[in-house]
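Please open the structure in your viewer and keep the selection tool at hand, for this tour goes from one stop to the next.

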Amino acid sequence: MSILTGPMRFHLDGQKELTAHKAVLKLPEPDDLYIPLVNGRAACTPTVKEGDEVKVGQKIGEPSDGFWFVPIFSPVSGSVVGIEKRMTTMLKPGDHLHIRNDHKYSAVRAFKKLDYETAPREELLEFVKNAGMAGLGGAGFPTFNKYTKPDGIDLFIINAVECEPYLTADYANSMANPELMRDGALALLKLSGAPKGKIAVKEDKKDLIEVLHKQFDGTPIEVAEVEDIYPAGWERTLIYMLTGKRYDRLPAEAGCILNNVSTCIALGNALKNGMPITEKYLTVSGDGVQNPQNVVVPIGTPAAEVVKACGGYVGEDCLLIAGGPMMGRTIPNDQFVIGIANNGLTVLQHREEFSVKCLRCGKCTETCPSGLMPVRINMAEKAKDIDALKKLSIMDCIECGLCTYICPSKLDVTEGIRRAKRYMTLVK
Ligand code: SF4
Ligand code: SF4
């Protein structure tokens, strides 16, 4: 596969000032929460049943699959109403555990705290697994899995780049919790076996850079400022920017291991306070919401309640995107809930875009950071040409949205690629 052939030099208008420096709103806990029974990518079996009482921090679900092991914990105290199907941000129905909140906040300690500095490596790894740590940058990949057998890793990278326009949740979380970030990052550095680490942050985030220096100077983790380009936060781009190395399948081929900064903070919280991931920092932004701001919400809160807490929609014709405008997905209603992999809601006023036929200008191909030919993939998808789709390496698409962004014909090229991926999954 050819990678990194695109120019990767897109400075997008990030619109981050809409939320970055506003106070973070802690949302009141809703009366009813719907906890997704897929945590990140792991399908969970509930460990509680209808009518059971639950407490904050109590384990309520566990995957049977050891590889995708990410247990789930209750964000509130209350009673289990049952299992309900709701639409997920993947636009598919999924099982959710409905909990009615008693607003008493009765809590249990989910697990014992752990001193990562003195704990043996195996004990630390088990802790990461049982605490339900997963990639909070959107991937939801179980964290322990990356560190089970790290081999030949010489650089641990913390991704605090947050290159997606509008989103500032990682930034707000890092500014609010620098010590937890430090603890989590140093614990993961220990698990990685790497002699050193780098925390990557955009060069324009001067206040965060100062905070990072305060936390990491004198440790083996160095603060690395990166250019404000898109998609600098994608791991292939980031590894290339930090090391000059490319890889085919996994970052380990380039001697690197990565985690998102919010995952480090969640791990710091678990180590220091014995608390699992029960809430998320989330950016609610865009010109379609009255008061764009960062919020902290319990997992399982319906998106409708989050938008309402930010003043509601500015009008009736708004698009709701789970995530940012480049990599997020437009969701047809606001009844889906916030899960561990959600980091933003972007609400945009709907503006009619008139598309014209493809001009064959080749700009999408020149731009694609994965070295794909988006226009040809779109053509093959329309023709349902499975042989052509196989040859076009469509599964290497990271859905960065640049081909749509750049297209002068205003074609939603990325959506065509998503359709092609779904088609390939169905026919293979
Ligand atoms: S969304 Fe488009 S530009 Fe981005 S990786 Fe996929 S094909 Fe390439
Ligand atoms: S950028 Fe748009 S118009 Fe140009 S080749 Fe790609 S799909 Fe066609």
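Predicted model: local features only at pLDDT ≥ 70, side-chain atom pairs only at ≥ 80, totals over all residues.

Residues are numbered from 1 along each chain as its sequence is written, chains are lettered from A and ligands numbered from 1 in the order in which they are written, and side-chain values use heavy atoms, with hydrogens and water left out.

Select ligand 1 and then its surroundings, which include Cys368, Cys397, Cys400 and Cys403; a residue belongs there if one of its heavy atoms lies within 4 Å of the ligand. The shell around ligand 1 holds eight nonpolar residues, three polar and one charged, where Ala, Val, Leu, Ile, Met, Phe, Trp, Tyr, Cys and Pro count as nonpolar, Asp, Glu, Lys and Arg as charged, and the others, Gly among them, as polar.

Move on to ligand 2, whose neighbours include Cys358, Cys361, Cys364 and Cys407, and whose shell divides into eight nonpolar, two polar and one charged residue.

Next, select residues 169-176, which are helix H3, and residues 206-216, which are helix H5: the two pack at an angle of about 40 degrees, with their axes 10 Å apart.

Now find Pro231 in the loop between strand E12 (221-226) and helix H6 (235-243), where a cis peptide bond, with omega about 0 degrees, joins Tyr230 and Pro231. Finally, select Glu162, a residue other than glycine whose phi is positive, near 45 degrees.

Key:
Axes fitted to C-alpha atoms, helices over the stretch in contact; angles between N-to-C directions. Helix = DSSP H or I, 4+ residues; strand = E, 2+ residues; numbered from the N terminus.
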